[in-house]
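Please keep the structure in view while reading.

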There are 2 protein chains.
Amino acid sequence: MFNFEITAKNARARAGVFATPHGILQTPVFAPVGTQATVKTLTPAQLAELGASLVLSNTYHLYLRPGDDLVAELGGLHRFMRWPHPMLTDSGGFQVFSLAKTRQIDDEGVTFKSHIDGSTHRFTPERSIRIQENLGADIIMAFDECSDPNDHEYTKIAMERTHRWAERCIKAKRRADQVLFGIVQGGTDSNLRAESARFIVSLNTTGIAIGGLSVGETKDEMHAMLDVVTPLLPDSRPRYLMGVGTPEDLIDGVARGIDIFDCVLPTRLARHHAAFSPEGRLNLMNASFARDERPIDPFCDCYTCRMFTRAYIRHLIAAKELLAGTLLSIHNLRALIRLMDEIRTAIIDGSFDDKKSKLLRQWDNNAVKSVNP
Amino acid sequence: MFNFEITAKNARARAGVFATPHGILQTPVFAPVGTQATVKTLTPAQLAELGASLVLSNTYHLYLRPGDDLVAELGGLHRFMRWPHPMLTDSGGFQVFSLAKTRQIDDEGVTFKSHIDGSTHRFTPERSIRIQENLGADIIMAFDECSDPNDHEYTKIAMERTHRWAERCIKAKRRADQVLFGIVQGGTDSNLRAESARFIVSLNTTGIAIGGLSVGETKDEMHAMLDVVTPLLPDSRPRYLMGVGTPEDLIDGVARGIDIFDCVLPTRLARHHAAFSPEGRLNLMNASFARDERPIDPFCDCYTCRMFTRAYIRHLIAAKELLAGTLLSIHNLRALIRLMDEIRTAIIDGSFDDKKSKLLRQWDNNAVKSVNP
């Protein structure tokens, strides 16, 4: 039901094929984020048209609303949101630590208050797996603790807890049509990261995720951690860098051996009127676009760029029309998916290592801070 | 370039074919409203898929933002918003009288303050035509004064002004690829309505619009006015009932000889979580839909009803996800367009007069007040 094969390598970069019960993923792959069982402002038809293959949804949000029992009763997440292709859910851990109001952590689990209504809830590794089984994504995540990367002492405690929780997640998992990824933590400490990588590898989960990055550390720190972790991971398992990233993060991540990425950035930028373009990141609210008859990116093949001028999108933004967010989401997601296609093709034809610096220069002027859900 | 032919009649109801430079309209036709050069939350691709043929856009709004000169510079409204099919613009009169902050009317025109920034502007019949020529819709409207239907004395003054303005609009019009519709006014006074109909008919505009209805009068008053006006109109010209309506208004209007309708109701209801259905108007925010696996309308062929459960749409609304408005807009517009198709087919096969009361009963439980832009 699941199978992962590397089809080409170029230095540390890998192209692969990841078969899941809902279809095949060509890796490296960028997953749009559908936090609340919808990639904001887009229909599944629009998502499929722009080339999305894997969609991520958030366990914390869906547990609170509409509830994982209800999603299960309605046939699971794929059927609920009408996304028939592969899906991934996170464990809820990241949101409990970043979104929930108050939280109390112990070795058993976390008690927290909902950011929606302040009601009290408790997640344990077993509960996270049960919720993710109710949701029914193809790829599910171990419950982890994502700690402040600057608090080195606490990072070790959190990492060790994450390891014990990963073991409990493996025991709790029941569904054969889902695969579990263990999560490497360890903040920005190379020794902890190496220790975590070795431990998680030893658990033999189908895939391995790298968590706790793009949470405030520098790019150099993130790269250093990837340089520690990925060489310790077996070639045979898919690797997922959680919550990353920007275009340059994708290029840098693939170069360091990552296969799967997700980020809210393309859709979040869209809601703030920003678009990726070869000229750099454009803020389409800017009056300079009022008479600009060009598409956002003349080389882009997305619906937005095939059909609409910058002037029209600027008008929609000025007139507070929601269609602006839809059109910008389509373009921004397509831009990252095209970038991944370009990277994958280059890996397969052996040119990625040469092309990497050209790609980085090309995307450099789109530099933005990565944003986590 | 333009041609209108009646292809079937059933009592006073008519089915026709209206050829325009941007394609053929099968009448009777319901036009979705794209106030600011966008039918709210929908792409042109989604609009075309749900069967829209004619789209209305508002002169007042586009004049203020982004400006009709800018739209002209960018190739006109069709190209600007990427709607390659027929379009209609109103004259701006209705919005000047309903939306603008203060206004001073004289025989020459109207001076008003923008509802957006309070800036002062002036519309005259000549200016309205010039703006509509800049926008470039296929069907344009004479500049009229829409008065309070309960002020009978003033209604006569406004009607007479509307008549003089219609003559000036005809003189001002230059483009051969646009046709002008004169507008019948006269409030709820049968004598004034008859006088206005006779006068507007005498001007020989390509089509005839009926304005000043669905603005607060009763349904009986509206029907009485249609019963006065349409028998005075020549069969050979298309008739447009402006800003109407609800499903039952469409049935009643066609039965009284109307060919063209527009209304913001389907998209406005969508933004307020309401959907047309055979069970009556549904408010999908209601908790009773939380586990409802049915589509909004099992007989509807729209994307929303083919794909999504009421439970999913209810979740999107509860989670404040914008996709809810998109999915409900698709369904509500498709519902009225399907109703028009059903009506048209019945006129052609001679069964409309019989089916009318069945259709009215079927739609009775969707009764809602008509809403003007």
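Which residues in helix α6 (residues 125-135) of chain B are buried?

## Helix α6 of chain B

The model is predicted. In helix α6 of chain B, which covers residues 125-135, the buried residues are B:P125, B:S128, B:I129, B:I131, B:Q132, B:E133 and B:L135. B:G136 follows α6(B), and its phi is positive, near 85 degrees.

## Size of the interface

The size of an interface is often given as the accessible area lost when the parts come together. Between chain B and chain A, about 3500 Å² is buried, and carbon and sulfur atoms give 57% of that area. Of the area that chain B buries against chain A, 16% comes from B:R291, B:H315 and B:E321, more than from any other three residues.

Each chain takes part in the contact with 38 residues.

## Polar links across the interface

Six salt bridges are found across the interface of chain B and chain A. In a salt bridge between the chains, the side chain of B:E293 meets that of A:R79, at 3.8 Å from N to O. Polar contacts between chain B and chain A number 18 residue pairs, with both residues at pLDDT 80 or more.

## The side of chain B that touches chain A

Several helices of chain B each supply at least two residues to this side, among them α1 (44-49), α12 (303-307) and α14 (323-348). Helix α13(B) gives the most, with five residues. Sorted by class, this side of chain B has 22 nonpolar, seven polar and nine charged residues.

Technical notes:
Residues are numbered from 1 along each chain as its sequence is written. Chains are lettered from A and ligands numbered from 1 in the order in which they are written. This is a predicted model: local features need pLDDT of at least 70, side-chain atom pairs count only at pLDDT 80 or more; totals for chains, interfaces and linings use all residues. Side-chain values use heavy atoms; hydrogens and water are left out. Contact means heavy atoms within 4.5 Å. Buried area is the accessible area (1.4 Å probe) that two parts lose on being put together, summed over both. A salt bridge is a side-chain nitrogen of Lys or Arg within 4 Å of a carboxyl oxygen of Asp or Glu. A polar contact is a pair of N or O atoms within 3.5 Å; within protein, one must be able to donate a hydrogen and the other to accept it, and residues adjacent in sequence count only if both atoms are side-chain atoms. Helices (H or I, at least four residues) and strands (E, at least two) are DSSP runs, numbered from the N terminus. Ala, Val, Leu, Ile, Met, Phe, Trp, Tyr, Cys and Pro count as nonpolar, Asp, Glu, Lys and Arg as charged, and the others, Gly among them, as polar. Buried means under 20% relative accessible area, exposed over 50%, partly exposed in between (1.4 Å probe, protein chains only).
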